[in-house]
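Hello,

Here is the structure for you to look over. My notes follow below it.

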Amino acid sequence: MSLTFKPVGSYHQDFSFRNSEEAIQRFPFPFPEDQYMYSVNLEPATSRNPGSIFEHCFDIDEHYRSEMVERNRVLERDPRRCLVMPHMQTAAWDTLAMLMEHLSQDYPQWFALSRDGDQWQWQNHALGIDQRFTYGDADTLPCEPLEYIGRQVQGDFALLDQREGDLFMDAGIVTCPADWSLAFDAGMSFKQWHSPVPMAHQMGVFDRALKYLVNIQVGQPVRRLNWTLTINPRLDTSPETFHEWGSDRASITPGNVGSLVHLRVELQVMARLPRSNALMFSIRTYLISMDELVTQPAWAQRLHRVLRDLPDAIADYKGMTLYRQTLVDWLSQFDSQA
Amino acid sequence: MSGFIPVRVTDIRQVTPVIREVSLQSLGTALPKFSAGSHIQVLLPNGKRNAYSLLSDPLDTRHYRIAVRHQENSRGGSRYVHEQLQVGDELRIAPPANLFPLHNEAHLHILLAAGIGITPFMPYCTELLRRGAPFELHYAYRNCISDAYVAQLRDLLGERLHCYDSPQRRLDLKHVLSNRPLGSHVYACGPQRLLDDLHQQAASLGWSDSRIHSEAFSAAQSGQPFSVQLLRSRQQLNVSADQSLLEALEAAGVEVPNLCRGGVCGQCQTGYLQGDVEHRDHFLSPDEKAASLMPCVSRGCGQPLLLDL
Ligand code: FES
């Protein structure tokens, strides 16, 4: 499938972001059943379904240019969205190498990489970039390696140092988080940064997940989907900007629910970085408005049932309590058995 | 397990009378990158499959180098490398995995090697020098027998290298571990005896376990032949004296996850429902041994085994 980019749409103020028909078709609807419960839904990140978001390890889609504009905007306002602790330099270069290798292989019409020892040349035709640099020497790039490549790839990246059988969030570039903050979580262990998640601890989900993650080997990445809801197609829902978006939740009415409420799905890929032994946690976010989602009748029916029966603690954690009933009522018109 | 990588033997060097170094080159594209402390599994033409630490520079993706010590009670792996392997031979390897990584936040790295246990520390030294990180290497060996790379290390490390040429000079763990700054981490690779001594000595000096990292160079040892039944696939397998249970399973097309093939990583844990087991691993707790075994090293004995496979 040939990849083309839409004209730049925005993820703030006028929110001109929209999905094309094709983008709706390939949206990763995350519910395999009519009910939702936490699980360690990890699977090997092998390529499947050509054209789907599961074809390539790092999915690039029609929103590429829009998302890169948004990344630059957020970083300009808050440079702390990119953070690399000194011991994570090797992991940052590892990330740059992994992303450049994958993108140039998977999307040769847009990205090209040529290497001669540590002399690298990177071309990004989508953004008009042609950069020669020395691998491992940050002075030969316009900025630090993680920020450099992060400004050219959709999705957020957290780099986790592995030591003492645990994972520590010691580096990352995070501009489209679902209500979490890299600056706040920096240096935390796996269980520390998951501590706000209700119910899952008691279920032992995190113990099992951690055991699985520390054993991920080079060349054997795994992935999972996660989801929440967001008002407006707003990518940057971080605690740092809560004052800008927190009150949106109170604005949902039966009249605007279809256009304002968005299902937000994260494709999370965890991959071992070969030189540093760090774990890369990539979080690629997809947004779809309710109006767009209900063009797929099976999705509309299932989402109605999932949200109607969701335990209150999870609904609270996902921040939808204020408008949940309005949304469920609106969705019920698409559920033949409701 | 992702795909095996075909490689060719490009060089064989006798490093000491009992240690051979083997250089491997990819037949296809570049070899995967790796981190210091990684090992690869080598599949030998005689069906044996062992894990060996990579000792080459992690930045070199054209060649991998491993060193193999001739084991007296070899099941055929090390003997094959020493007696039959030739330059030009083609082998297959599993991609690198790291069960013995550097601790990135250590303020001082203290490396303890005994004999062939020097291998994972070769890339450690390269990497730590490149990082400019403080470290020292304590290396115990027998002169002219297991003293691989001593001259090379002396050139590379200067005062950072401390040699213990036994029996003249013994490695004194208490001395090495005493009065160290709080951010120090110690890494040891050698026989189980060294690791046990280290843990004991470190504990008595108040070191927390999280600052001690070790890798045993244990591999499967031969034993008596035995037979096993597989519950789910309804197969019956005979395991010969110099074959591991894991190798027998693989030969029968039963894939079991595995990394170290030495009874330490925990990957190959397999349940059993009946039979007597000679447990030889360093992973399972006494409780777990009642229902699980590690087929990479452990063997059946007495009553026939019924595996949950
Ligand atoms: S493979 Fe590591 S314990 Fe068996």
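Contact here means heavy atoms within 4.5 Å. Leaving aside neighbours within four places in sequence, A:D236 is in contact with A:E70, A:V74, A:R81, A:T175, A:C176, A:P177, A:T241 and A:W245.

Some ground rules. This is a predicted model, where local features need pLDDT of at least 70, side-chain atom pairs count only at pLDDT 80 or more, and totals for chains, interfaces and linings use all residues. Residues are numbered from 1 along each chain as its sequence is written, chains are lettered from A and ligands numbered from 1 in the order in which they are written, and side-chain values use heavy atoms, with hydrogens and water left out.

Back to A:D236. The residue sits in the loop between β8 (222-231) and α8 (242-245) of chain A. Helices (H or I, at least four residues) and strands (E, at least two) are DSSP runs, numbered from the N terminus. A:D236 counts as buried because its relative accessibility is 4%. The cut-offs: buried is under 20% relative accessible area, exposed is over 50%, and partly exposed is in between (1.4 Å probe, protein chains only).

Which side chains make a polar contact with the side chain of A:D236? That of A:R81 does, at 3.1 Å. That of A:S238 does too, at 2.8 Å. A polar contact is a pair of N or O atoms within 3.5 Å; within protein, one must be able to donate a hydrogen and the other to accept it, and residues adjacent in sequence count only if both atoms are side-chain atoms.

Next, backbone geometry. Most residues other than glycine have a negative phi, and most peptide bonds are trans. In chain A, A:Q13 has a positive phi, near 50°. A:Q13 lies in the segment before α1 (21-25) and, at 71% relative accessibility, counts as exposed. A:N49 also has a positive phi, near 50°. Its place is the loop between β1 (43-44) and α2 (64-77) of chain A. At 44%, A:N49 counts as partly exposed.

In chain B, the peptide bond joining B:S166 and B:P167 is cis, with omega about 5°. B:P167 lies in the loop between β9 (161-166) and α4 (173-177).

Last, B:D147. This residue is in the loop between β8 (135-142) and α3 (150-157) of chain B. B:D147 counts as buried, at 18% relative accessibility. Not counting residues up to four places away in sequence, B:D147 touches B:T16, B:Y139, B:Y141 and B:R142.

Best wishes
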